[in-house]
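Here's a quick tour for anyone meeting this structure for the first time. Have a look at it first, then read on.

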2 protein chains.
Amino acid sequence: MTTTTLPTIGQIRDAAARIAPHARITPVLRSEALDALAGAELHFKCENLQRGGAFKFRGACNAVWSLADGEAARGVVTHSSGNHGNALALAAATRGIQAHVVVPEGAVQAKLDAIARAGATLHRCAPNQAAREAMCAEVQARTGATLVHPYADTRVMAGQGTIALELLHQAPALDALITPVGGGGLAAGVATAAHALRPDLALFAAEPAGADDAARSLEAGRRVTGVVPETVCDGLRALVGESNLDALRAHRVDVITVSDEETVAAMRLLWSELKLVVEVSSATVLAAILKQSRRFAGRRVGVVLTGGNVDLDALPWRD
Amino acid sequence: MTTTTLPTIGQIRDAAARIAPHARITPVLRSEALDALAGAELHFKCENLQRGGAFKFRGACNAVWSLADGEAARGVVTHSSGNHGNALALAAATRGIQAHVVVPEGAVQAKLDAIARAGATLHRCAPNQAAREAMCAEVQARTGATLVHPYADTRVMAGQGTIALELLHQAPALDALITPVGGGGLAAGVATAAHALRPDLALFAAEPAGADDAARSLEAGRRVTGVVPETVCDGLRALVGESNLDALRAHRVDVITVSDEETVAAMRLLWSELKLVVEVSSATVLAAILKQSRRFAGRRVGVVLTGGNVDLDALPWRD
């Protein structure tokens with residue numbers, strides 16, 4: 001993986017201004033019942049209510065609107081069958097440019113339909129990393145489209161970092177902040193923005209035990225790439241990026257791993273108590289707080305709920 | 001049924017001030033996908049995110065805080081195994097007074113647990129109207145508690161009316177407004193407040209076809225009481241109250257009836273597009289808009305989503 005520069009707070013502030021006409025200011029919700037369960041004051045930042053149903057729209061939108069007109073005219077491309085693909089399709093539509101999304105065979109049809117509905121061109125490839133990258137390179141060569149990587153991209157990280165600016169404006173008195181970590185675009189962007197505004201803030205990230213490469217990498221002091229992800233958290237299967245890992249280290253982000261069982265139980269709590277449809281990857285954060293409750297006890301915690309794109313016919317607590 | 005005075009706009013404004021320390025200002029959410037489906041601009045007022053998971057907290061809270069200290073000390077009583085019972089329990093707790101909730105045998109255990117958790121005393125009775133009223137009267141006689149009826153109560157209607165004040169502040173440019181109608185506490189309160197602020201606003205109410213006593217009553221010009229409710233919308237089975245019906249008539253509220261099938265389809269849309277857990281009764285409003293889309297086409301419509309208390313193990317689109 002090529003090295004990607006971490007965004008500065010200036011770039012994150014620019015991103016906030018750039019995406020403001022297109023992204024939503026998502027609400028921060030509270031629940032007496034969940035506060036009581038956690039023994040803490042939880043401030044849920046509801047990115048499941050973001051355009052496209054996930055925080056990914058922020059990064060994709062910042063990337064799309066960062067392009068010079070000439071570049072933009074040639075379109076954007078990414079490989080993702082999930083929220084980033086959909087976000088890039090929606091973001092490209094706000095600028096009236098073409099998005100190409102490389103999707104592996106076997107991806108969920110409903111997600112592909114959503115990406116196509118947003119106006120993107122789908123390119124199918126074999127379901128492995130080499131085939132994805134080859135297809136992306138082919139589309140780039142043929143169209144001149146700009147690659148917008150899901151997380152190893154400075155513009156994407158800056159866009160995701162705008163969540164922290166917004167949350168700290170809405171809930172200024174936080175003591176701690178937690179996000180999930182997959183590839184680490186969100187965790188890196190949020191850590192950078194949060195510590196620029198509030199250097200004393202304790203930062204946490206929640207990771208599925210079955211895809212715990214970030215936790216292992218921090219422990220080993222180098223990027224561990226041998227982890228084969230096995231988790232229901234489909235949004236958190238990516239290996240953490242090199243510069244994303246640097247950001248976790250630089251900002252002393254404490255990674256808490258949680259089992260799928262703990263995450264599914266937390267997901268159900270979010271549905272029943274907050275009345276929000278959140279996807280399973282989003283629930284790792286509450287699972288981590290409940291699991292390590294002593295570390296959060298009595299604190300005011302910002303909790304980033306990342307997305308709400310769920311197959312309503314296949315809820316994980318019913319099989 | 002005894003006659004109940006409709007609230008004035010002054011009483012509704014007083015209610016807003018009275019409940020402000022306890023109730024939440026619920027967000028207004030939008031969805032590009034639902035706007036496109038409806039051909040209208042929909043502004044969803046999310047009372048599923050209200051304390052207790054339903055708008056009922058507003059009315060119950062206003063009633064509880066309207067009492068003189070001496071009255072309050074003797075507690076409050078109601079009969080409801082649903083959202084109003086839970087709301088009254090929570091509201092009583094905010095004032096540190098006792099709530100008595102009369103519940104019919106056979107009510108859903110999860111709902112009873114929630115009411116008990118909020119600190120109320122449960123009183124079980126046979127599952128019919130006469131037994132409920134007798135048990136309420138007995139509790140009143142024994143304790144001196146004040147009856148807080150779910151909808152035929154001026155203070156309750158005034159509390160529910162605060163939704164319209166809040167929504168018209170959040171989305172001032174609305175052309176129309178729609179709520180569900182069951183007993184009519186919400187519809188009456190909202191109609192009164194909405195027309196006091198904006199006499200030109202078109203008002204609608206959505207009613208299950210299997211409990212269409214409000215629609216029939218408006219058509220017949222008198223309160224029709226022979227309807228035996230048969231609908232999945234458990235929050236909308238009550239017959240519309242006498243004064244509630246007067247309010248619908250005075251404010252020319254147009255009642256649109258929808259089938260359970262239409263409502264369940266709309267509920268699923270609200271979950272998948274708005275990312276909100278809403279209960280089935282709440283979805284009647286979107287079902288009505290989609291069914292009678294010509295009447296809403298191109299308009300800016302305030303849509304009150306009433307509650308989010310759902311049994312996650314028994315979703316109506318999975319049986």
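This is a predicted model: local features need pLDDT of at least 70, side-chain atom pairs count only at pLDDT 80 or more; totals for chains, interfaces and linings use all residues.

Residues are numbered from 1 along each chain as its sequence is written, while chains are lettered from A and ligands numbered from 1 in the order in which they are written.

**How the chains meet**

- Chain B puts 13 residues into the contact and chain A puts in 13 residues (contact means C-beta atoms, placed from the backbone, within 7 Å).
- On the side of chain B that touches chain A, helix 12 (residues 260–274) of chain B gives the most, with three residues (helices, H or I, have at least four residues and strands, E, at least two, as DSSP runs numbered from the N terminus).
- That side of chain B splits into seven nonpolar, four polar and two charged residues (Ala, Val, Leu, Ile, Met, Phe, Trp, Tyr, Cys and Pro count as nonpolar, Asp, Glu, Lys and Arg as charged, and the others, Gly among them, as polar).
- The copies meet through the same surface, because 100% of the interface residues of chain B are also interface residues in chain A.

**The two domains of chain A**

- Chain A comes as domain 1 (9–55 + 153–305) and domain 2 (57–147), with bounds from an automatic or database domain assignment.
- The C-alpha centres of domain 1 and domain 2 of chain A are 24 Å apart.
- Their contact draws 22 residues from domain 1 of chain A and 14 residues from domain 2 of chain A.
- Of the side of domain 1 of chain A that touches domain 2 of chain A, helix 8 of chain A supplies the largest share, eight residues.

**A sheet in chain B**

- Four strands of chain B make an open sheet in the order 5-4-3-6, with parallel pairing (strands pair if DSSP finds at least two bridges between them).
- Strand 3 (residues 76–79) and strand 6 of chain B pair in the parallel sense over two bridges, and B:Val77 stands opposite B:Leu147 in strand 6 of chain B.

Definitions and conventions
Two residues are in contact if their C-beta atoms, placed from the backbone, lie within 7 Å.
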